Amino acid sequence: MKDSLYRRVLSFTNARLWQLVHVDVLLMAALMLLIGGGLFILYSASGQDVAMVERQSFRLAIGLLVCLVLAQLPPKYMRRASPALFVFIAILLIGVLVFGVGAKGAQRWLALPGGLRFQPSEIMKIVMPMMIAWYFADRQLPPNLKHVLTVLGLIVVPVLMIAKQPDLGTSLLVAVSGFFVLFLAGLRWRYILSAAAMAPIAGYTLWQFMHDYQRQRVLTFLNPESDPLGSGWNIIQSKTAIGSGGSYGKGWLEGTQAQLDFLPESHTDFIIAVLAEEFGLLGCSVLILAYLLVIARGLYIAANAEDNYARLLAGSLTLTFFVYMFVNIGMVSGILPVVGVPLPLVSYGGTSIITIMATFGILMSIQTHKRAR
């Protein structure tokens, strides 16, 4: 009896502690599982480059700090700031097109003091759903045609600016984050079916505006064997690595495709192919399970949010995270074209990690501030 009472008191104390620091324990535990596993795989995928793992750890630490800071901010303040943030980031996107910093044929960054660079389009992934959720927060749902068209205008303008950089992957993710809010707001099926009917026209229009290398990615997706030593090399090596891993893999640091440098971009976009080769289907299943835990918790937070703004924002951020995961795994396994989307919290990278961790800071804020009331 005393032991049971002690456990209850201890559990209550711990719950109160996490609530006071605005940390959702279940979500944080799933994130730590992903981050820890990601660093473990990165060590192998980078060719045992300790310096690279240290840099990634530093970025993850910054991302975690951003997450915890945002978790302290009540959602009502985020709601008030949403329009101003949207306008500010849109102005920065114009700045990128006018005097941005270029690299590898793309102009996506703004130069900062100290030689640092900043990519505003990454921030737009969060600000877009904040803006659309703010727009719908006090309006009657489901939205009528006027409101749908207004929201489509808010989505299309930034997306076109990002696509102009060019950055097809980020522009698609920004568009998806906005469309998810629209969908969760109760978009009527007649609008969805009308959009589906226009998909061939939209696809043809998109094809006309795509760059040559983007068209080549689509053609390579349809037939990678047409140029096995050129544009099809990445996806062929990726599928070879995934297939050779079998059920249990070849063992850590024992993957030939990654360790012998047959697999390009093994530490960034194609890192899950390294996991599949070294830990097989079992390792990939554990990783996907961790992702599903994060997504399930995010959807729970969205379903139990206390107002429309928080509900739409949390739902959109969670579903966009799912798209991150799905698109990366899909393009690495050859069921989707390669669009340069990293595996969230696992691929080596900077801005995207901080952006994703900021997403979870918002989710924790929505969950823990609701409890405090």
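Predicted model: local features only at pLDDT ≥ 70, side-chain atom pairs only at ≥ 80, totals over all residues.
1. Residues are numbered from 1 along each chain as its sequence is written, and side-chain values use heavy atoms, with hydrogens and water left out.

2. Ser44 lies in helix H2 (residues 25–45), helices being DSSP runs of H or I with at least four residues, numbered from the N terminus. Ser44 is buried at a relative accessible area of 1%, where buried means under 20%, exposed over 50% and partly exposed in between, with a 1.4 Å probe and protein chains only. Leaving aside neighbours within four places in sequence, Ser44 is in contact (heavy atoms within 4.5 Å) with Trp252, Leu253, Gln259, Val274 and Glu278.

3. Rings of Phe, Tyr and Trp (its six-membered ring) pair if their centres lie within 6.5 Å, with planes under 30 degrees apart counted as stacked, over 60 as edge-to-face and the rest as tilted; the count comes to 7 aromatic pairs. The rings of Tyr43 and Trp252 have centres 5.6 Å apart and planes at 40°, so this pair is tilted. The pair links distant parts of the chain, 209 residues apart. Tyr43 is partly exposed at 24%, as is Trp252 at 32%.

4. Ring pairs also link Phe40, Tyr43, Trp252 and Phe279 into a cluster.

Notes:
Helix = DSSP H or I, 4+ residues; strand = E, 2+ residues; numbered from the N terminus.
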